[in-house]
Amino acid sequence: ESEQPEQPKLPDFSGKSFVKTTTVSEGYYLLAYDKSETETLVFNCQDAQANYSTVTVSEGTIAYSEGLLSSVVEIAAVDGGYSLTALSINKFMGGKSDKNTIQFVASPIANTIDWQEANSAFKVSSNSASLVYNNATSNGDRFRFYKQTTIDKDATSKAQYNYIQLYKVVE
């Protein structure tokens, strides 16, 4: 008989809410892009087109539902910043130098997470790439780590590459 690797026991978020924050500390989060005050796109921790769920926001709060489990990210302090763990696949996430992609790896990647007052959003970066919502009109919209040079080329329009929001679980 072959032993199946044990799946990590995921926290139970039923009945909990995730609240929009402008500060970061260790805990469980949803990474999102606010389309409006009442609608947000929540990153589902995959590197694919349309890699999000559209959810309702009420007064800066998202009510947890089972469909959001694949989107929960654990943020933990590590040397040089914070690790981002996609709980549902038990992998660490980060950017890759000179690539527009998301790395999913077994070892922590140190990400910096900085509140950008001018954008009212967080800049989450590692390996010279930042996690943004790409509002692409062709080739599919998605969340992904993009090279900073790619993002900076678009700085004037501010429409395509958008820094993200963090919603933290309320214990």
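**View 1. Cys 45 sits in the loop that links strand S3 (39–43) to strand S4 (52–56).** Strands (E, at least two residues) and helices (H or I, at least four) are DSSP runs, numbered from the N terminus. This is a predicted model, in which local features need pLDDT of at least 70, side-chain atom pairs count only at pLDDT 80 or more, and totals for chains, interfaces and linings use all residues. Residues are numbered from 1 along each chain as its sequence is written, and side-chain values use heavy atoms, with hydrogens and water left out. Cys 45 is not a glycine, yet its phi is positive, at about 65 degrees. Most residues other than glycine have a negative phi. Cys 45 counts as buried because its relative accessibility is 4% (buried means under 20% relative accessible area, exposed over 50%, partly exposed in between; 1.4 Å probe, protein chains only).

**View 2. Asn 127 lies in the loop between strand S11 (121–126) and strand S12 (129–134).** Here, too, is a positive phi on a residue that is not a glycine: about 50 degrees at Asn 127. With a relative accessibility of 35%, Asn 127 counts as partly exposed.

**View 3. Helix H1 (residues 148–153) and strand S15 (residues 165–169) mark the two ends of the confidence range among the elements.** For the protein chain the average is 91, and 93% of the residues score at least 70. The secondary structure around these elements comes to one helix and 15 strands.

Notes: pLDDT is the predictor's confidence in each residue, from 0 to 100.
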